[in-house]
Amino acid sequence: LMLKFGKLFSRHTASLSGYRKGLLTREFSDHFEKMDEQTIKDYNERVMHTDERYLKLVDAWKKPLEKKAIKKAKKAERDALKTPPIPMDEKFVAHFPEDGVVLPAHENKIFAVIQLLGLQHKVTKDDLILIHKIDLDIGEQFLADRVLMIGTPDYTSIGRPFIQSAKVYLSVEEKHRAEKVIVFKKKRRKGYQKNMG
C-alpha cells in the first residue's frame, strides 16, 4: 500500500524542489501513520478494489490459482466416479497347439515383463537392469510379484492385470549415482545467471 501511494505521490511531486518535496513526503507519511488499522482497511476496500491497475495485478496471480483449484476438483470428481478394473484370470495362448506345450520351459528360453517402481522391465535369467533408488543393500534379494506377462517359444501368458502364480526373484548387484547434471539459467540483458549442480 505504501509503495503504491508512494509511487503515485512521487509522480505528482516530480516538478517540486527537493526541500518542498521532503516536507510533503513527511506529511504524506505522517498521514498514514496516524490512521488506525480499521481506517486503512476501509480505505483499501474503497479505493484499491476499484483501481483497475490494482485489480489487474491481483487477477494476474489469483485467476490461475482459481483455475487450478477448479481443475483439481474436477479431477477428484472423475477419479471418484471411476470403477477399479475387475481382476481376471490370466490369458494363456499356445503358439503351436498341434505340437503341444513343454512344461516347465527351459530357463534360458523364458522371459517375463515385470513392474518395478511404476516402470515396466522385460527380464530374462541373469539380466542386468537399471532402476531408481531402492532401500536395499548390495547382495540382498527381493521378490517382484507384479508380473505382467510371461513368454516362451511355446506359449505366452498375459496377466489381467497380473499373473498371480508368477514371481521373479532379483538381487542387488551394484548401487551407484548417475553422471552429474549441470543446470544453468540465464536471462539475457538482465544480469541474471544461476548455476546449479
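Visitor: What should I know about the model before I start?

Guide: It is a predicted model, in which local features need pLDDT of at least 70 and side-chain atom pairs count only at pLDDT 80 or more, while totals for chains, interfaces and linings use all residues. Residues are numbered from 1 along each chain as its sequence is written, and side-chain values use heavy atoms, with hydrogens and water left out.

Visitor: Let me begin with the backbone. Which peptide bonds are cis?

Guide: Most peptide bonds are trans, and most residues other than glycine have a negative phi. Here a cis bond joins Leu-103 and Pro-104, with omega about -5°. Another cis bond runs from Arg-160 to Pro-161, where omega is near 0°. Pro-104 sits in the loop between β1 (88–94) and β2 (111–116), and Pro-161 in the loop between β6 (155–160) and β7 (168–171). Strands here are DSSP runs of E with at least two residues, helices are runs of H or I with at least four, and both are numbered from the N terminus.

Visitor: And which residues have a positive phi although they are not glycine?

Guide: Leu-117 is one, at about 55°, in the loop between β2 and β3 (119–123). Asp-126 is another, at about 65°, and its place is the loop between β3 and β4 (141–144).

Visitor: Is Asp-126 buried or exposed?

Guide: Buried means under 20% relative accessible area, exposed over 50%, and partly exposed in between, using a 1.4 Å probe and protein chains only. Asp-126 counts as exposed because its relative accessibility is 71%. Asp-145, in the loop between β4 and β5, has 47% and is therefore partly exposed. Asp-145 also lies 8.6 Å from Tyr-169, C-alpha to C-alpha, with the two 24 residues apart in sequence.

Visitor: How do I read the strand pairing?

Guide: Two strands pair if DSSP finds at least two bridges between them. β1 and β6 run antiparallel and are joined by five bridges. β5 (residues 147–151) pairs with β6, also in the antiparallel sense, over three bridges, and a hairpin of three residues joins β5 to β6. Follow Ser-157 in β6: it is the bridge partner of Phe-92, and Ile-150 stands opposite it too.

Visitor: What volume does the largest pocket have?

Guide: Rolling a probe the size of a water molecule over the atoms shows where empty space is left. On a 1 Å grid over the protein atoms alone, a pocket is an open set of points where a 1.4 Å probe fits, with protein on both sides within 12 Å along at least five of seven lines; lining residues have an atom within 4 Å of a point. Points are joined across faces, edges and corners, and the volume is the space filled by probe spheres set on them. The largest pocket comes to about 1,100 Å³.

Visitor: Which residues lie nearest its centre?

Guide: Of 30 lining residues, those are Asp-127, Leu-128, Ile-129, Leu-170 and Ser-171. β2 and β7 are the elements that give two or more residues to this lining, and β7 gives the most, with four.
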